[in-house]
Structures are given as structure tokens and as C-alpha cells.
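Subject: Structure handover

Hi,

Here is the structure I promised to pass on. Please open it alongside this note.

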Amino acid sequence: MSFELPTLPYDKTALEPHMSAETFDYHHGKHHNAYVTKLNALTEGSEWAGKSLDDIIASAEGGLFNQAAQHFNHSFFWKCMKPAGGGEPTGALADAIKRDFGGLDEFNAAFSAAAAGQFGSGWAWLVMRGGKLEIMTTGNADLPQKHGATPLLTLDVWEHAYYVDYRNARPKYIETFLSKLINWDFVAENLGNAG
Ligand code: MN3
């Protein structure tokens with residue numbers, strides 16, 4: 001059983017003007033697809049054939065880890081956005097953000113600073129670790145599961161994620177993600193599953 005590129009959870013034009021169909025053509029159709037193709041090439045017919053993505057991420061190193069982790073990261077990232085996203089979290093998620101950051105404004109400021117401050121390619125995350133919410137950044141393909149944390153939200157800050165729509169303006173991309181695109185329902189679902 002080989003790995004497959006997941007279908008986007010919305011039409012590729014659905015996040016315009018904040019994230020364009022051209023960005024999805026490249027980011028989902030070419031970059032993410034290439035990670036899946038390389039992951040399959042590295043696993044098929046090898047000792048890794050038939051292993052789950054979680055198992056490969058937990059055990060593999062080097063090139064195989066990078067392809068597997070990038071497949072996870074991008075599959076997760078698409079679900080972190082939705083048409084007419086943004087707004088405010090509610091319920092247990094809102095309570096946890098208030099408890100661990102002081103409030104949504106404080107969370108947004110800390111997440112933005114972390115995402116803008118990640119040097120080079122990588123990811124900004126909201127995670128659950130040790131029963132608390134934390135903001136984390138990872139470089140290249142690295143991800144929270146390698147650091148004892150459960151991912152709740154991610155933002156891709158590789159240049160390929162924003163260069164078509166925002167050129168070099170990473171802070172504007174981050175601000176737009178938080179105010180117009182973020183899917184708090186998905187984050188709340190992940191918090192519920194994290195226990
Ligand atoms: Mn990417």
C-alpha cells in the first residue's frame with residue numbers, strides 16, 4: 001500500500017485572495033506531491049514497505065524521515081485552514097489558550113513572533129506537551145512528535161508557502177493566516193484527541 005497525496009479539504013480557489021490557486025498548484029500539486037512520490041520510492045520494496053506513516057516518522061532518519069515528515073506536515077497544514085477562517089476559538093480551546101498564554105491576543109503575538117523568527121525553512125506549531133499548550137518552531141521537516149509533543153496547529157514558513165502570494169513578506173502571510181484562514185475547529189478537534 002503506497003502513500004497518496006490527499007485531496008485538499010476545499011477547492012484550490014476557496015482561500016483566495018489570501019492564498020491563491022497558483023500557490024496550491026505548486027505547493028500541493030508539486031511540492032507535496034513530490035514528497036509523496038519520493039516517500040513511495042524509498043519505501044516500496046524495502047524493509048519499510050507496509051509501515052504506517054507514524055511508524056516511519058518515529059523510526060526513520062535522513063532522507064526517508066524528511067519525506068515522511070513533510071508528507072505528515074503538509075497533510076496536517078491543509079486542514080489548519082478553511083474558507084472564511086480566522087475568528088476566535090471557543091469552549092475548551094479558548095479556555096486553554098487563556099490559561100497558557102493569557103488570551104488570544106497574547107497567543108497571536110507569540111505565535112507570530114515565533115513564525116517570523118524561524119530562520120530559513122521550517123514550521124511554526126501550537127502543540128500540547130505535558131498537559132500544557134506551547135508554541136514551537138521546527139526547522140526543515142522536523143515536527144513536534146520527535147520532541148514529545150502533540151501537534152494541534154501548524155503554519156508552513158518555507159518560502160514556497162508564501163512567495164507566490166506574499167513575495168518576501170512573511171509577517172503579512174502570518175498575519176493573514178491568523179486573521180483570515182485559521183481553522184479553529186480543526187485545532188479544537190486535535191485538542192480533544194490529545195486528551
Ligand atoms: Mn510546504
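The donor residues of the manganese ion follow the sequence spacing H-x46-H-x81-D-x3-H. They are His-27 (NE2), His-74 (NE2), Asp-156 (OD) and His-160 (NE2), at 2.0 to 2.2 Å. Donors here are N, O and S atoms within 2.8 Å of the metal (3.2 Å for Na, K and Ca); water is not among the atoms, so sites may look incomplete. His-27 sits in helix 1 (residues 21-43) and Asp-156 in strand 3 (residues 150-156), so this pair ties together parts 129 residues apart in sequence. Helices (H or I, at least four residues) and strands (E, at least two) are DSSP runs, numbered from the N terminus. His-27 counts as buried, at 1% relative accessibility. Asp-156 is buried too, at 0%. Buried means under 20% relative accessible area, exposed over 50%, and partly exposed in between (1.4 Å probe, protein chains only).

Some ground rules. This is a predicted model: local features need pLDDT of at least 70, side-chain atom pairs count only at pLDDT 80 or more, and totals for chains, interfaces and linings use all residues. Residues are numbered from 1 along each chain as its sequence is written, and side-chain values use heavy atoms, with hydrogens and water left out.

Next, Arg-170. It belongs to helix 7 (residues 170-181). Arg-170 is buried but has no salt bridge; Glu-159, the nearest side chain of opposite charge, is 6.5 Å away. A salt bridge needs a side-chain nitrogen of Lys or Arg within 4 Å of a carboxyl oxygen of Asp or Glu. For charge, Lys and Arg count as positive and Asp and Glu as negative; His and the chain ends are not counted. What does the side chain of Arg-170 have a polar atom 2.8 Å from? The backbone oxygen of Ala-115.

Last, the backbone. Most residues other than glycine have a negative phi, and most peptide bonds are trans. The bond from Glu-16 to Pro-17 is cis, with omega near 5°. Pro-17 lies in the segment before helix 1. Ala-84 has a positive phi of about 55°. Ala-84 is exposed, with a relative accessible area of 78%. Arg-167 has a positive phi near 50°.

Best wishes

Terms used
A polar contact is a pair of N or O atoms within 3.5 Å; within protein, one must be able to donate a hydrogen and the other to accept it, and residues adjacent in sequence count only if both atoms are side-chain atoms.
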